[in-house]
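Student: I have a model open in my viewer and would like to learn how to read it. Could you walk me through it, feature by feature?

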Amino acid sequence: MTKKQKLMLSRIALAFVLFAALLVCEHTKRLEPLAGTVLFVIYLIPYLIAGYDIIYKAFRNIKNGQVFDENFLMMLATFGAFGVREYSEAVAVMLFYQVGELFQSYAVGKSRQSIADLMDICPEYANVEQDGKLVQVDPDDVEVGSTIIVKPGERIPLDGIVTSGESLIDTAALTGESVPRRAAAGDEVISGCVNGSGTLSVQVTKEFDDCTVAKILELVENASSKKANVENFITRFAKYYTPIVTVAAAALAVVPPLFTGGGWADWMQRACIFLVISCPCALVISVPLGFFGGIGAASKIGVLVKGSNYLEAVAEMTTIVFDKTGTLTKGEFQVSKILPEPSVSKEKLLETAALGEGYSNHPIAASLKEAYGKAADLERVCGTEEVAGHGIRVQVDGRNVLLGNEKLMQQGGISYTPCDSAGTVVYAAEEGTFLGSIVIADSIKDGAVEALADIKRIGVKRSVMLTGDRKKAAQDIAGQLGIDEVHAELLPADKVACVEKLLKSQAQKERLAFVGDGMNDAPVLTRADVGIAMGSMGSDAAIEAADVVLMDDDIRKIASIVRISRKTMRIVKQNIIFALGIKALVLVLGAFGAANMWEAVFADVGVSVLAIINAMRTLQTK
């Protein structure tokens, strides 16, 4: 419990003791000899101890032009109760309202905790060697290319590559994964993780503002600003609802006595009851709290949701679209077949392909160079030109070489032998003559089959895969995963067009999610109703464009986040129906004089507390 909450609890306890003593005196007739003014002052003491801050907030908001809120309603209702000499009820309303406020404060604090834990990932310093000694500096001051030392037990301050040392890295704060990951020379490490037992030397690859931990903190801080439709409805509802009920209460206090001739005190009391009942606390508190709890529950399993609007959209998801490479497959390409033409040797074909891809960092290029097994002599290579979605044109030993897919061969007017092998096929031609084809296979990610089955189990109607790969290879992967629909041989622009078409086929309340990891996925992630990106190995552009980030790239968590979002939406809707239903019932009873102030307190504080308890269930994850 925070210092502020402890102070509030002390005030409530003191006010409650004084109020209880006054009730005992009242029931034993000991207060009867006291005059009205003295009695008013005596009851005013516990009232002000419990609710002076509510009165202060009400007047401050009135001064700032924000008249109609729950503080104003509470002040007006209790002032009215004092006006008709219902002193004990005025104190009771303020006291129990503050109990509800304390409970709300505690609930919000608890729901924030799982997200606040993420804030602990922010590193305080980085160890840099200066004049033979380790000096602690601000991570913001470390430049890209610098080498930092991460000691055992320290938090990694910046993204980088391990240059020496070996250790186990605890990634739980970022990914929710309890099993540490091994890190050695050549491995990439990300900021925010905790180093294990070994000392690591890390070469910094990103400035602090661009590193993983800074991005995560930015996402967390901005999450509350993106409200769900339900939250926006509640905000608009409260804006009009509060002034309407205030005017209605005033009319209830004034109009009936004018027509019935008297009974002012009775109708004033009904108006006060009406005001207490109508306070929209249960909705204003519990709905945002429910969404905040859902976002917190997601963060516990290593999934960052950038706003409650995206949590709401995930709950309505009926179609999920996947990029293939790096999302469903590992993206670890290896040469599986070398198929030269009869007049060409395997060595010649592989050498030409490896030299032609010598300047490329693409995984396919890396697999060709790895299969070649020698250092490519790049002095033999010049004039590299990339043909988007097709391949490359390049000069090797002064001869024109084409390396790419069937479309590139057709574009170059090359007579080639089609290859039907499953996998990515790289066709090679030199000076207009076809040299042969090389098949590069990619393997399915661990857990991908399980993830697709789980996604279907939770009721997602359609799964789609988009890829620039050949149709044969794409269909082979889709068959193994049980994907419903495949679109292959796509250029980056084709992926956007394909998603556009899928979006048009959706019903009004249905949502489409796209899952990707690459830089060329950013436009599609932005266009989809929900963009889901890989946070660990995904590109910065993809993470920036996405609405949901899987911190450990485990697509099995997609089904989990759908469950969390649907649970959140169920709880939010339960609270809306429950709060409005109870309030409507007691409002009618209060207007007809069939409800007293205690029932009004239950309709306000009691309903709020029950709604808050229900909202806190969103934090529970399995």
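**Reading the model**

Tutor: Let's start with a count: zero disulfides are found, a disulfide being a pair of cysteine sulfur atoms within 2.5 Å. This is a predicted model, in which local features need pLDDT of at least 70 and side-chain atom pairs count only at pLDDT 80 or more, while totals for chains, interfaces and linings use all residues. Residues are numbered from 1 along each chain as its sequence is written, and side-chain values use heavy atoms, with hydrogens and water left out.

Student: Are C25 and C419 buried, partly exposed or exposed?

Tutor: First the scale: buried means under 20% relative accessible area, exposed means over 50%, and partly exposed lies in between (1.4 Å probe, protein chains only). C25 counts as partly exposed because its relative accessibility is 24%, whereas C419, at 6%, counts as buried.

Student: What makes up the largest nonpolar core?

Tutor: The general idea is that in soluble globular proteins, nonpolar side chains tend to be buried together. A nonpolar core here is a set of buried Ala, Val, Leu, Ile, Met, Phe, Trp, Tyr and Cys residues joined through side-chain atoms within 4.5 Å. The largest one has 53 residues, and those with the most contacts inside it are Y43, M74, F82, V276, I277 and M597. Several helices each supply at least two of its residues, among them α1, α2, α3 (70–83) and α20 (597–615). Helix α4 gives the most to this core, with nine residues. Helices (H or I, at least four residues) and strands (E, at least two) are DSSP runs, numbered from the N terminus.

Student: Which residues make the nonpolar surface patch?

Tutor: Patches are made of residues with over 30% relative accessible area and no salt bridge; like charges are joined within 9 Å, and nonpolar side chains (Val, Leu, Ile, Met, Phe, Trp, Tyr) within 5 Å. V254, V255, L258, F259 and W264 make a nonpolar patch of about 550 Å², with areas from the Shrake-Rupley method with a 1.4 Å probe, where for residues only the protein chains shown count as cover. Helix α7 (residues 229–260) gives the most to the patch, with four residues. V254 is found in that helix, α7, and counts as partly exposed because its relative accessibility is 38%.

Student: How should I read strand β16?

Tutor: In a regular strand the side chains alternate between the two faces of the sheet. In β16, T424, V426, A428 and E430 point one way and V425, Y427 and A429 the other way, and all are buried. Since seven of the seven residues of β16 (residues 424–430) are buried, the strand is largely enclosed by the rest of the structure.

Student: Which strands pair with β16?

Tutor: Two strands pair if DSSP finds at least two bridges between them. β15 and β16 pair in the antiparallel sense over four bridges, with A429 as the bridge partner of L402. Strand β17 (residues 433–441) also runs antiparallel to β16, joined by seven bridges, and here A429 stands opposite F434. The hairpin of β16 and β17 has two residues between the strands, and E431 takes a positive phi near 50° in it.

Student: Where else is phi positive in a residue other than glycine?

Tutor: One case is K29, with phi near 65°, in the loop between α1 (3–27) and α2 (36–63). K29 counts as exposed because its relative accessibility is 53%.

Student: How many salt bridges does a search of the whole structure find?

Tutor: Side chains of opposite charge can pair when their charged atoms come close. The cut-off is a side-chain nitrogen of Lys or Arg within 4 Å of a carboxyl oxygen of Asp or Glu, and the search finds 19 salt bridges. In one of them D53 pairs with R11, the closest N and O atoms being 2.8 Å apart. This pair links distant parts of the chain, with D53 in helix α2 and R11 in helix α1, 42 residues apart. D53 is buried, at 15% relative accessible area, and R11 counts as buried at 12%.
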